[in-house]
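Open the model in your viewer and keep the selection panel at hand. This tour goes stop by stop, naming what to select and what is there.

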Amino acid sequence: MSASSTALTVMCLIVAAGAALGFYAGAHRKMDLEQWAVGGRGFGTLLIWLLMAGEVYTTFSFLGASGWAYSRGGPALYILGYLSLAYVVSFYILPQLWEVARAHKLQTQSDFFETRYRSKNLAAFVSIIGVVFLIPYIQLQLTGLGIIVEVASSGAVARTAATVIAAVVVAAFVFTSGVRAAAWISVVKDILLLGAAVAIGIVVPYHYFHGIGPMFAAIARAHPAHLTMPGATKNLGHAWYISTVLLNSLGLYMWPHNFGASFTAKSGDVLRRNAVVMPLYTITLPLIFLAGFAALMVIPGLKNGDLSLLAVVQRTFPPWALGVIGGAGALAAMVPASIFTLTAATLFAKNFYRSIFAPTMSDARVAILARVMVGFVMAVALYFAMHSSTTLVNLLLWGYDGVTQFFPGVVLGLYWKRVTRAGVWSGMAAGIAALAVLLLGKHDPIFGVNAGFAALCVNFAVVAGVSLLTPAERSGFHESLQTSTEA
Amino acid sequence: MPTGEKRKPSLSALLLGLIPFVAMCFSVSLWDRVFPMVLGLPFNLFWLTSWILLTPLCMWGAYRLETRQESARRVPRSGGIEDANQ
């Protein structure tokens, strides 16, 4: 067996085992909309942990983080900063959010906006923005999957073909299972990726440099500026770091899928305890950074930094090990991609299409439309994956720029009585408009500050200003919350 | 409380959450350097890695504060049973 066929075979076995587990987990349950989308709202600490950990070990952190460590250097450290801090933020909003969600039987992020601000149109707008910014995140996973198959097959399977196969497999997976299946496969992929991160992060520096210390000493000699900010970039300095870490840590739970995942918890306390321990889950990320830094010395000159981790693995480990790591990476792309696709499809069907065009549509019909949308969302993400050459990290940065614009509406909706529907409408519209101007005009960063963060500041200012100028209105929450605590 | 408004986190719990933000975010220009290397890591990487471990400590403190206040404020409920009818 040739090296590449060994690697590919091992990789396919791992993916098949993961998929089988997922189908099995989804097989025994009746799949109505509630079960498919939020798992019946009965997940304990363990499953919630697994669902929410989705962000930590996706293609983004696996290939993207090492890719930026390789191509950008210091600025990549923002990834270590924002993940821990996002859990800190979640501590103060998720338990409250969960209580509201249970009292009002909310399933999605848009349900939150619809109920709090008594506006179907606002909710529909939120859904569309959510779907739009989920697309680059899905694209990121497909591109990553394509890279993995390409490297594992030593180029025998071309990137385009690999990406198409990836999209089809993910879509098939989403059709048949639901959120519960995804959570269970996360078990397999996280164990594999943890193992892979430890193996790569320790073996690679010792193999080439006889230790982590000597490796960094060598990098500091050869590329003195690479390890600090702005690293190999011109404009990603400390102001960019602070604004990006803030934006991303506020934004992690504004992703429609993460927002929705918190509704699947058994209690608000589960979420609070989760927030305390989650940062520990990111502890292997520094090991993944080591691979990117090592690659800088071992295989300099790669045109695409996102290849660096796999390229260094291929050079260092036997083919079967490349297969295991590739398989783990493939699951790390497929599981999140299926969750994101499921979320986008449900949002579109339930909170956009039904809300605006077909108020009498039954849940069963919504579920069918959502399944059709799965195919459509995959097709769009696939199209972008085949026609763009952006780094994986950049794709996620754009996503965060967009979804964090929900933050003012959510946090003020929970904690500020005076916030009004008109305020949230205009703030969000202003934020998205500012973002579009900055990103399309290539003004990111603007004066050294992350463009998404600048847009968020505009958003906050407009929400506060317009809310104070419009008459106070009743929140959709308070009354029924009152009755639910009396019951 | 007259309205059913969401209970806000206490100030002391918020301050505990601010510590990791200061350490990992706002103070970046103080620790973004290569030397001194610690445990073989550049100083910035070492600093962030340490705070990944220290953040749960801060949040554990916040958790203790929040749960203590919660149990003082309301009578314990029958617990979890209402979830079973889902």
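**Stop 1: a helix pair across two chains**

Select α5(A) and α1(B): these helices are roughly antiparallel to each other, because angles over 145 degrees count as such and theirs is about 165°. Keep in mind that this is a predicted model. The crossing of α5(A) and α1(B) is left-handed.

Now show side chains. On α5(A), pick A:G81, A:S84, A:L85, A:V88, A:F91 and A:Y92. On α1(B), pick B:G17, B:P20, B:F21, B:M24 and B:C25. These residues make the contact between the two helices. Colour them by class: eight are nonpolar, three are polar and none is charged.

**Stop 2: the whole interface**

**Stop 3: chain B**

Chain B has three helices and zero strands. From the N terminus its elements run α-α-α. Of the 86 residues in chain B, 33% are buried. Look next at contacts within chain B between residues at least 6 apart in sequence: 60% of them join residues at least 24 apart.

Zoom in on B:P36, in the loop between α2 (28–31) and α3 (43–73) of chain B. The peptide bond that joins B:F35 to B:P36 is cis, with omega about 0°.

**Stop 4: backbone details in chain A**

Bring chain A back. Most residues other than glycine have a negative phi, and most peptide bonds are trans. The next selections depart from that pattern.

- Select A:M229 and A:P230: a cis peptide bond joins them, with omega about 5°. A:P230 sits in the loop between α10 and α11 of chain A.
- Select A:R118, in the loop between α6 (109–117) and α7 (120–152) of chain A. Phi is positive here, near 50°, and A:R118 is not a glycine. Is A:R118 buried or partly exposed? With 15 other C-beta atoms within 10 Å, A:R118 is partly exposed, because 20 or more would be needed to count as buried.
- Select A:H210, in the loop between α9 (179–209) and α10 of chain A. A:H210 also has a positive phi, about 60°, though not a glycine. A:H210 has 10 C-beta neighbours inside 10 Å, so it counts as exposed; the cut-off is 12 or fewer.

**Stop 5: a crossing inside chain A**

Finish with α11(A) and α21(A), the latter spanning residues 451–469. Their axes come within 8 Å and cross at roughly 65°. α11(A) passes α21(A) in a left-handed crossing. On α11(A), show A:S243, A:T244, A:L246 and A:L247. They meet A:G452, A:F453 and A:L456 of α21(A). By class, the residues of this contact are four nonpolar, three polar and no charged.

Definitions and conventions: Residues numbered from 1 in each chain as written. Chains lettered and ligands numbered in written order. Predicted model: local features only at pLDDT ≥ 70, side-chain atom pairs only at ≥ 80, totals over all residues. Helix = DSSP H or I, 4+ residues; strand = E, 2+ residues; numbered from the N terminus. Axes fitted to C-alpha atoms, helices over the stretch in contact; angles between N-to-C directions. Left-handed = near helix turned anticlockwise from the far one by under 90°. Contact = placed C-beta atoms within 7 Å. Nonpolar A, V, L, I, M, F, W, Y, C, P; charged D, E, K, R; others polar. Parallel < 35°, antiparallel > 145°, perpendicular 65-115°, else oblique.
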